[in-house]
Amino acid sequence: MKKMIMTLCCAVLLPTSLASAQQIPDWAYRAADKLMNSDLLADKNISRDDLAAFLAEEDNTTTDGSQNELSEQEKIHRIAEILVNEKNLPLRNTPVPVNDGTAGTAALPKIPLPSANSPADVPPGTAKAGIPPLYQRFNELAPAWIYEPFARLNNAGLISPDDAKTLSTGNLTRREAAILTSRAYNLYRRNTLYSAPSHANGQRPNADTQSQYNDIESLMNEFTVEIQALGYGTGKTAATGKTTTNIDRSLKIGGEVRYNTMANSSSNPKYNWHDQRVRTRIYMDKPLTDIWTFHGMLESDKTFSNSENNKYYTNDKDGSISLDRYYISGQTTLFNVPVDVEAGATSAYLGDGNILDADFKGVKVSTHGSDQNDDSTLYSAGYGKVNDTEKMLYTEIQHKTEQNTDYLAGFYRWDNYGTPTTIYSLGAKYYINNYTLGGIYFKANKDDTSGASNGYVLSAIYGYNRSWVPGTYEIATHYYDMAGTTYIDHTMSGLGSYMNGFKGFGAGWYYTLLPNVVLGIEYYDLKDKTSKDQVKTWWGQISYGF
């Protein structure tokens, strides 16, 4: 091995007679090609034949001098590891676990050291004889600060249950942390590419996506060497998209098909109806430049019920295909502050979905401010139209603390069909283990017909349903007391949005049966605050995302 290291690092060319003295195996040529295309060789002028011959000569010697029967891939892996360790460069061409975002079923194994001695007795910052520097780096404990962003990524469903067990030990090595980072990044990319949600309430709020982006980027920056050494080919530039390779600008297609059934019971025929329907969505994403992307969504919503009263729920688009969303997204800079932008027919999720979870035509912007290292506060604003015709202006501030608590404050102004209405919101969420506890208060400048102008929602959620991980689930309960002027189009599957103010409770359960196949059941018991009508709703669904 020393001969190989000296040859490559000192640029000593091998005699050509070596190549002719033996038959060089194909694997050695493939290994030579990989190494010559990397940054691992000190001598860029060494010939392919000479390098392949040298690799073939040295392939059967282990660190202890014994012979072995390594496979072709193991030979390439070993030689490349030695080269990179001696030069202290990221390893870019070694065989690695499949980079498909999936997770194993056991704790992540540590890389075995090529020495019987444990690195535990090596003073920090020093290299022990016989242990290559990258091996030591792999097995060092990861810094303590990483557990906070990993916890948030776990809450967001970007860490698999098995990996979460490894994470909970609190003693990740740098290699383990790098693998978890890459897997979280893969799932983040998958989720944000098509925005195909597992819930009935549509896309996740932009604040969540932005927070995940920043957490993954900070982890990428910390574990750049390990991620590249493991062969993921991403490193710190992966989360930003500023890679040196050409960006794939081909059209991406995804979608979701959902069947749902709905049963309402009330003494008022207005609410006493049933419905069954299939909703199909096709998502399209087409990068236009390195930072701007066009998005579209085709939707068809077809009912299979004949009840006369369910026309209150359906609309004139029933059974037709429409282009419901078409917008561009990207990033620009305003007053030296990076700003994310969406413009066109998009969607909005405001007041944690309690004020609006529906289509929004206009412009939305969001930013964490000028300090890119501080993602604790997200500022967002938008101006456009809701319900096709009503102008709206909003701004929200969301703040994360280091004590597992999020805060939300918002201002929302909309035309409300000739009665301009302003709504204010103030809320918080607290995360403890697998529970999420929340509360949000609303105040409007107008009274509804019952004389009320304020409201609140309390929530308790256990678990987190991950549409791509079978067996994951969540159970959610909510209590509502909302004036009719404090919401525009509520996120619930119950009939609150059709009432003039409502109070009552709702509960739901979502379970991932197969990858991207989600079952859901919800129940609501609500009272119209104006008419006093009591309405009970059962909602069931099965959805498939692709």
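Predicted model: local features only at pLDDT ≥ 70, side-chain atom pairs only at ≥ 80, totals over all residues.

Me: How are the rings of F360 and Y394 arranged?

Reply: A search of the whole structure gives 12 aromatic pairs, where rings of Phe, Tyr and Trp (its six-membered ring) pair if their centres lie within 6.5 Å, and planes under 30 degrees apart count as stacked, over 60 as edge-to-face and the rest as tilted. For F360 and Y394 the centres are 5.8 Å apart and the planes stand at 80°, so the arrangement is edge-to-face.

Me: How far apart in sequence are the parts that F360 and Y394 tie together, and are these two residues buried or exposed?

Reply: F360 belongs to strand 6 (residues 356-367) and Y394 to strand 8 (residues 390-400), so the pair ties together parts that are 34 residues apart in sequence; strands (E, at least two residues) and helices (H or I, at least four) are DSSP runs numbered from the N terminus. Buried means under 20% relative accessible area, exposed over 50%, and partly exposed in between, with a 1.4 Å probe and protein chains only. By that criterion, F360 and Y394 are both buried.

Me: Which residues form one aromatic cluster with Y435?

Reply: Y435 and Y462 form a tilted pair, at 4.8 Å centre to centre with 55° between the planes. Since Y435 lies in strand 11 (residues 435-444) and Y462 in strand 12 (residues 454-463), the pair ties together parts that are 27 residues apart in sequence. Y435 is partly exposed at a relative accessible area of 44%, as is Y462 at 30%. The residues in one aromatic cluster with Y435 are Y462 and Y473.

Me: How many residues has the largest nonpolar core, and how many has the other core, with F150 among them?

Reply: A nonpolar core is a set of buried Ala, Val, Leu, Ile, Met, Phe, Trp, Tyr and Cys residues joined through side-chain atoms within 4.5 Å. In the largest one, the residues with the most contacts inside it are L356, M392, M499 and F502. Apart from it lies another core, whose members include F150, F223, W468 and V469. The largest core has 34 residues, and the other has 24.

Me: Which residues of helix 8 are exposed?

Reply: Helix 8 (residues 161-168) has D163, A164, T166 and L167 as its buried residues. Seen down the helix axis, these fall within an arc of 160°, so they line one face of helix 8; the arc is that of the directions from the axis to the C-beta atoms. On the other side, the exposed residues are K165 and S168.

Me: Which side chain joins that of E396 in a polar contact of 2.6 Å?

Reply: E396 is found in strand 8 and is buried, with a relative accessible area of 4%. Leaving aside neighbours within four places in sequence, the residues in contact with E396 (heavy atoms within 4.5 Å) include Y349, L350, L378 and Y412. A polar contact is a pair of N or O atoms within 3.5 Å; within protein, one must be able to donate a hydrogen and the other to accept it, and residues adjacent in sequence count only if both atoms are side-chain atoms. The side chain that joins E396 at 2.6 Å is that of Y412.

Definitions and conventions: Residues numbered from 1 in each chain as written. Heavy atoms only, no water.
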